[in-house]
Amino acid sequence: MTSPPRTGATIGLLLPDNQTPRFERFDKPLIEKRIKELCSACTVRYASSRHDVAIQQQQVDTMITQGADVLILDVVDGKALRASVNAAARAGVPVVAYDRLADGPISGYVTFDGGQVGRLQGEGLLKALGDKAHDGQIVMMNGGETDPNSGWFKDGALSVLHSKVKIARAYDTLGWRPENAHANMSAAIASLGADKIAGVLAANDGLAGGVIAALKSAKVAPLPPVTGQDADLAGIQRIIQGEQYMTVYKPFRLEADAAADMAVRLARGESITNMKTTTDNATNTGIPTVLLRPQSVTAGNVKATVIHDGLYTIHQVCSGKYSAACQRLGLIGRR
């Protein structure tokens, strides 16, 4: 029988930003809830770095100084945070890398299969393009290059798109910011021509929103198919409306629960080396890993995925101007 964490054990939760809707709407409350279920005496100390490396480094250092027992860390930049992870190890504070792989002596890692995320996006885009794939050209709007997941997503997508479609322009979007995706897409339209873009592989829903706004500003109609990721409410509503073709849904509860379970076990002083999967980072090997499977979401399976799982209610998805589109899809009855 395992011993409970000591009274007052503190688990630090460090997320990369509060602009991407998933982090504060889902990840944070789900992790906090699961930790409390497993350890009512544990305290969760939360920090968001606004996608700033220096801020996140300071936050890690502060949590170590203030006596955190375990850190759940979603890094802004895995390489840049290596020194902070090393500092945590020297202080005897285990680090669980959450969603993104950090360098340094991390104790565990929880994420979704990023290669499969990219493959689902590539497959979705090719399906949407149909016969246009052979002769058309696309734009790739990748994530921030300092994010270790961005390359993972990109490689997965390229494994599907290679030799199937021409990639006319590709961008690494600074900070995953929608406004930067908007600027990049505007440049692509100006360079290629508004009617010469068959589709856009956007790495997440925030970038998809920036891309679609740029296409609308350029009076592109009909809109070409655009991919996404994270199943943001705005992304799901664009899919319902027909403005975005698909998104990749990552059931956040599974990821949050796995990270919370790891953190509480580490706070108890238990080993987590019995995981079936391991990962290597740039400095360490055999890191215990939970690797989860993402799902593709299109207009045809919104109800069977994000609504069925309770991520959103029909009322949330079909509110206001989206009511008519929901009626057409049979998500709600005609009024």
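Rings of Phe, Tyr and Trp (its six-membered ring) are taken here as a pair if their centres lie within 6.5 Å, with planes under 30 degrees apart called stacked, those over 60 edge-to-face, and the rest tilted. The model on screen is predicted, so local features need pLDDT of at least 70 and side-chain atom pairs count only at pLDDT 80 or more, while totals for chains, interfaces and linings use all residues. Residues are numbered from 1 along each chain as its sequence is written, and side-chain values use heavy atoms, with hydrogens and water left out.

**The aromatic cluster**

Select F26, F252 and Y312, which ring pairs link into a cluster; by the rule above, the count comes to 3 aromatic pairs. Begin with F26 and F252, a stacked pair at 5.3 Å centre to centre with 25° between the planes. Because F26 lies in helix α1 and F252 in helix α10 (residues 252–267), this pair ties together parts that are 226 residues apart in sequence; helices here are DSSP runs of H or I with at least four residues, strands are runs of E with at least two, and both are numbered from the N terminus.

Now turn to F26 and Y312, whose ring centres are 5.9 Å apart and whose planes stand at 70°, so that the pair is edge-to-face. This pair also links distant parts of the chain, with Y312 in the loop between α11 (303–307) and α12 (314–317), 286 residues apart from F26 in helix α1.

**A charge over a ring**

Next select K28 and Y46: K28 lies over the face of Y46, at 4.9 Å from the ring centre (the criterion is NZ of Lys or CZ of Arg within 6 Å of the ring centre and within 35 degrees of the ring normal).

**The cavity**

Finally, select F23, R100, W176, N204 and D230, which lie nearest the centre of the largest cavity, among the 13 residues that line it. A cavity is a set of points on a 1 Å grid over the protein atoms alone where a 1.4 Å probe fits but cannot get out, and lining residues have an atom within 4 Å of a point. The search of the whole structure finds 1 cavity of 30 Å³ or more, and the volume of the largest is about 130 Å³. Helices α1 (21–38) and α6 (148–161) each supply at least two residues of its lining.

Conventions. 1 Å grid on protein atoms, 1.4 Å probe; cavity = no way out; pocket = protein on both sides within 12 Å on 5 of 7 lines; lining within 4 Å. Points joined across faces, edges and corners; volume = space filled by probe spheres on them.
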